[in-house]
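These are my notebook entries on a structure that is new to me. I set down what I looked up, entry by entry.

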Number of protein chains: 2
Amino acid sequence: YTETGKASFYSSKLEGRKMANGDKYRPGKLTAAHKTLPFGTRLKVTNLDTKKSVKVKVTDRGPFSPGRVVDLSYKAADKVDMIKAGVAPVKIKVIGKKKES
Amino acid sequence: YTETGKASFYSSKLEGRKMANGDKYRPGKLTAAHKTLPFGTRLKVTNLDTKKSVKVKVTDRGPFSPGRVVDLSYKAADKVDMIKAGVAPVKIKVIGKKKES
């Protein structure tokens, strides 16, 4: 399964907030929000502008703005170099599912 | 006082969260986050891409990403047509100060 669209990233204001899977959002972890994929799904997210990619785990629901397919944690957004742009075109690919710990 | 830079807008996940001025974030109000201007400061924010502007009240602190000068509430971001873009170049101008109610 692959999907393309735009990625945004979590506001620093969300640090410590409970995500939809029950864990608290931590900016330094490699997590993502997706509207429908099960929690624990592993995604490879590639920034089509920078060609950089990162592997993340789905832990939350969102994003709810038109055209957005994924919200990345701060660390994941930094790894694909989209902090300055704020929003970036991405391709997401499901690479596996890990049981929630 | 005027300033130019990029604007982003609040995640819908922040609805109900307490802002730095003590009020809860409401997506339907015309509010903004700025790093230093006093709470209650009135700003005119103009989207330099769409030329649309909106008047907002500073109620929160942020944004903390490089190059960002203001974070707009959902309604304010909608009024300047930046929901789809996610981030937009803006000019902000202080137009007055209203006492916090």
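Entry 1, terms. I take strands to be DSSP runs of E with at least two residues, numbered from the N terminus. The model I am reading is predicted.

I looked up Lys51(A), which sits in the loop between β3 (41-47) and β4 of chain A. Its phi is near 65°, a positive value in a residue other than glycine. Most residues other than glycine have a negative phi. Lys51(A) counts as exposed because its relative accessibility is 64%, and the cut-off for exposed is over 50%.

I then turned to Asp81(A), in the loop between α1 (74-79) and β6 (88-97) of chain A. Phi of Asp81(A) is also positive, near 55°. At 44% relative accessibility, Asp81(A) counts as partly exposed.

Most peptide bonds are trans. I noted a cis bond between Gly62(A) and Pro63(A), with omega about -10°. Pro63(A) lies in the loop between β4 (53-60) and β5 (68-72) of chain A. In chain B, a cis bond joins Gly62(B) and Pro63(B), with omega about -15°; Pro63(B) is in the loop between β4 and β5 (68-72) of that chain.

I traced a barrel closed by 6 strands in the order β1-β5-β2-β4-β3-β6, with mixed pairing. From one strand to the next, the twist averages 45°. Strands β3 (residues 41-47) and β4 (residues 53-60) of chain B run antiparallel and are joined by 5 bridges. Thr46(B) stands opposite Ser53(B) in β4(B).

How is chain B superposed on chain A? I found a rotation of 180° with 0.0 Å of shift along its axis, at RMSD 0.0 Å. That is the relation of a two-fold axis. The same surface serves both copies, as 100% of the contact residues of chain B recur in chain A.

Methods:
Residues numbered from 1 in each chain as written. Chains lettered and ligands numbered in written order. Predicted model: local features only at pLDDT ≥ 70, side-chain atom pairs only at ≥ 80, totals over all residues. Heavy atoms only, no water. Least-squares fit on C-alpha atoms with pLDDT ≥ 70 in both. Contact = heavy atoms within 4.5 Å. Pairing = 2+ DSSP bridges. Helix = DSSP H or I, 4+ residues; strand = E, 2+ residues; numbered from the N terminus. Axes fitted to C-alpha atoms, helices over the stretch in contact; angles between N-to-C directions. Buried < 20%, exposed > 50% of the residue type's maximum accessible area, 1.4 Å probe, protein only.
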